[in-house]
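Trainee: I would like to go through this model with you. Where do we start?

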Amino acid sequence: MDHEHAIHEHTEHTHTAHAHTAHGAHGAHGAHGSTGASWAMAAQATLHCLTGCAVGEVLGMVVGTAFGWGNLPTTLLAIVLAFFFGYALTMRGVLRAGVDFRTALRVALAADTVSIAVMELIDNGTILVWPAAMDAQLDDALFWMSLAVSLVLAFIVTTPVNKWTIGRGKGHAVVHRYHH
């Protein structure tokens with residue numbers, strides 16, 4: 001997405017400068033007790049991750065529900081697709097930087113695994129505990145309402161996780177080394 005690329009270009013300098021600072025002055029960085037990552041950076045990284053997760057999650061739920069699959073296979077498909085699309089979106093940007101597929105895959109795994117895992121835990125956990133949400137059908141408002149609320153909660157919980165990882169030069173900070 002061009003908008004996504006523009007966001008990364010806008011924040012690239014900040015992330016790159018921070019990554020160099022974090023690696024070069026790790027001791028002083030920890031002494032201040034600050035992660036060095038802004039909430040805006042964390043929110044942008046989380047939105048990026050949420051995009052891939054939401055595409056996979058919705059597609060998995062729609063496919064499983066449409067085919068009349070049970071809750072477990074539908075949920076597993078949604079999780080697998082969330083990871084797939086989350087990694088694919090990250091790899092797309094990294095591949096544009098001219099790196100090989102293997103490097104892009106490694107970057108995506110390093111950048112997004114924790115973020116996607118937290119999102120999926122919160123998202124699927126919310127739907128699991130929401131009364132009747134697991135049994136809602138595509139034409140039920142409950143299906144779409146519970147899915148939307150679960151994704152919002154996943155964003156809220158994952159943003160501080162991403163702030164913490166970016167501030168340490170990990171997670172989504174890894175991707176910014178490959179953006180021009």
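Trainee: Of the contacts in the protein chain with a separation of 6 or more, what percentage is accounted for by residues 24 or more positions apart?

Mentor: This is a predicted model, where local features need pLDDT of at least 70, side-chain atom pairs count only at pLDDT 80 or more, and totals for chains, interfaces and linings use all residues. Residues are numbered from 1 along each chain as its sequence is written, and side-chain values use heavy atoms, with hydrogens and water left out. Contact means heavy atoms within 4.5 Å. Among contacts with a separation of 6 or more, the share from residues 24 or more positions apart is 73%.

Trainee: How many helices and how many strands does the protein chain have?

Mentor: Both are DSSP runs numbered from the N terminus: helices are H or I with at least four residues, strands E with at least two. The elements run α-α-α-α-α-α from the N terminus on. The count is six helices and zero strands.

Trainee: Are α3 and α5 parallel or oblique to each other?

Mentor: Axes are lines fitted to C-alpha atoms, for helices over the stretch in contact, and angles run from 0 to 180 degrees between N-to-C directions. Under 35 degrees counts as roughly parallel, over 145 as roughly antiparallel, 65 to 115 as roughly perpendicular and the rest as oblique. Helix α3 (residues 39-66) and helix α5 (residues 101-129) pack at about 50 degrees, with axes 10 Å apart. The two helices are therefore oblique.

Trainee: Which residues of α3 make the contact with α5?

Mentor: On the α5 side, the contact includes Asp112, Ser115 and Ile116. The α3 side consists of Thr46, His48, Cys49, Leu50, Cys53, Glu57 and Met61.

Trainee: What kind of aromatic pair do Phe83 and Tyr87 form?

Mentor: Rings of Phe, Tyr and Trp (its six-membered ring) pair if their centres lie within 6.5 Å; planes under 30 degrees apart count as stacked, over 60 as edge-to-face and the rest as tilted. Phe83 and Tyr87 are four residues apart in helix α4 (residues 71-96), so about one helical turn separates them. Their centres are 5.8 Å apart with 50 degrees between the planes, and the pair is tilted.

Trainee: Is Pro131 buried or exposed?

Mentor: Buried means under 20% relative accessible area, exposed over 50%, and partly exposed in between (1.4 Å probe, protein chains only). Pro131 lies in the loop between α5 and α6 (141-167). Because its relative accessibility is 65%, Pro131 counts as exposed.
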